[in-house]
Every structure is written in structure tokens, then in C-alpha cells.
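Let's take a walk through this model, starting with a helix pair and moving on to the pockets.

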Amino acid sequence: MEEEPNSGTLEGTTEPTVVDAGRVFVDTGQNFPVQKNAAAKVIGILVMIYYVVGTGLSFLGLVALSFLDEEMIAAGAEPLPATLLFALVIIGLIPAIIGCIGGWKMYNYEKMGIWLVLGSLGIGWILSIVNGALTSDYGGTGDAGIDAAFNGICGIFCIAICGVIVAIPLMLADGGME
């Protein structure tokens with residue numbers, strides 16, 4: 001047996017390999033369609049309604065502020081600056097927009113919507129603490145730290161309850177979330 005001088009090369013023809021699409025290595029069993037739970041749709045709709053109504057009431061508060069300024073001056077109280085309230089309402093649009101997008105995604109059975117809504121609840125909680133600190137002289141105790149602490153402590157219970165309600169589709173076994 002003699003070696004050929006080009007022993008480092010392969011010679012021959014290649015044949016295309018045909019893969020059978022029905023053949024699998026592990027029997028996965030029968031595929032059953034997952035019935036999607038209506039809880040995600042209902043909670044998604046409620047989340048969108050909550051954020052739309054809350055934002056509408058915030059803008060209504062801007063209109064009411066113009067009527068209350070004269071009353072507050074007559075009572076000897078310092079009125080809330082309109083620019084501060086306007087800035088707080090505009091900044092409050094951030095969690096509202098995120099929450100509405102999350103509610104829409106929950107309505108469409110997307111799991112990302114739950115996380116967006118939970119994130120918007122957290123952002124709203126932080127903004128309520130900042131709001132309490134900034135407006136404490138106008139309707140709170142007068143001490144920014146105490147008002148921020150009240151908003152933070154009371155708000156954490158609201159966030160916990162709302163978070164559990166929003167997470168209901170996650171708690172359901174095979175709720176159909178994608």
C-alpha cells in the first residue's frame with residue numbers, strides 16, 4: 001500500500017441530506033392549544049382607563065386652580081404656583097403613557113405589558129414622593145420631609161395592592177401570556 005502524494009485532500013462527491021420535518025429525536029407528545037385567560041384583557045382595559053382618567057383629572061386640576069387662587073388669597077393662604085402644578089402634571093404624563101402602553105400590551109396578551117405597568121406604578125410612586133416634597137408648603141404639613149415620607153409610606157401600600165392586581169395574569173397557570 002503506497003501513499004498518494006495528495007493525501008491531505010478529500011475526494012469524492014457530496015450528496016444533499018434530506019431532513020424529514022416530521023421526525024424528532026424526542027417524542028414531545030400531542031400539542032394542545034393554550035386557552036387564553038380573559039383576566040389579562042380585563043386588567044389591561046382597567047389599567048388604560050385608570051391612566052386616562054387620572055391624567056384627565058390632573059389637567060382638570062389645572063383649570064380648577066385658576067378658580068381657587070382668588071379663594072386662597074381671600075382666605076390668607078398662599079396659592080399654589082401654576083407653573084409648579086403644570087410641571088408636575090406634565091411630568092406625570094410619563095408614567096401615564098408607559099402605563100397605557102403596558103395596558104395595551106396586556107390586552108394583547110403580551111407579558112411585557114405587565115412589566116411596563118409595574119414600572120409605571122413605581123415611577124408614579126417616586127413622582128408622588130417628589131410632589132409631596134415640592135408642594136408641602138401649599139397644602140401639607142409645611143415640612144417637605146414629613147410630606148414626602150407620608151406619600152412614600154402610604155403610596156407603597158397602594159403600589160403593592162395595584163401590583164398584585166396587575167400581576168394576576170402571571171399568577172394564572174398557563175394564562176396565555178406571550
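Which residues in H2 meet which residues in H3? Val 89, Ile 90 and Ile 91 of H2 meet Leu 93, Ile 94 and Pro 95 of H3, where contact means heavy atoms within 4.5 Å. By class, that contact has 6 nonpolar, no polar and no charged residues (Ala, Val, Leu, Ile, Met, Phe, Trp, Tyr, Cys and Pro count as nonpolar, Asp, Glu, Lys and Arg as charged, and the others, Gly among them, as polar).

A word on the ground rules: this is a predicted model, where local features need pLDDT of at least 70, side-chain atom pairs count only at pLDDT 80 or more, and totals for chains, interfaces and linings use all residues. Residues are numbered from 1 along each chain as its sequence is written, and side-chain values use heavy atoms, leaving out hydrogens and water.

Now for the pockets (open sets of points on a 1 Å grid over the protein atoms alone where a 1.4 Å probe fits, with protein on both sides within 12 Å along at least five of seven lines; lining residues have an atom within 4 Å of a point). Of its 27 lining residues, Ser 58, Gly 92, Pro 95, Gly 124 and Ser 128 are the closest to its centre. That lining divides into 17 nonpolar, 10 polar and no charged residues.

The second largest pocket comes in at about 190 Å³. Its lining includes Tyr 50, Tyr 51 and Cys 162, and has 10 nonpolar, no polar and no charged residues.

Key:
Helix = DSSP H or I, 4+ residues; strand = E, 2+ residues; numbered from the N terminus. Points joined across faces, edges and corners; volume = space filled by probe spheres on them.
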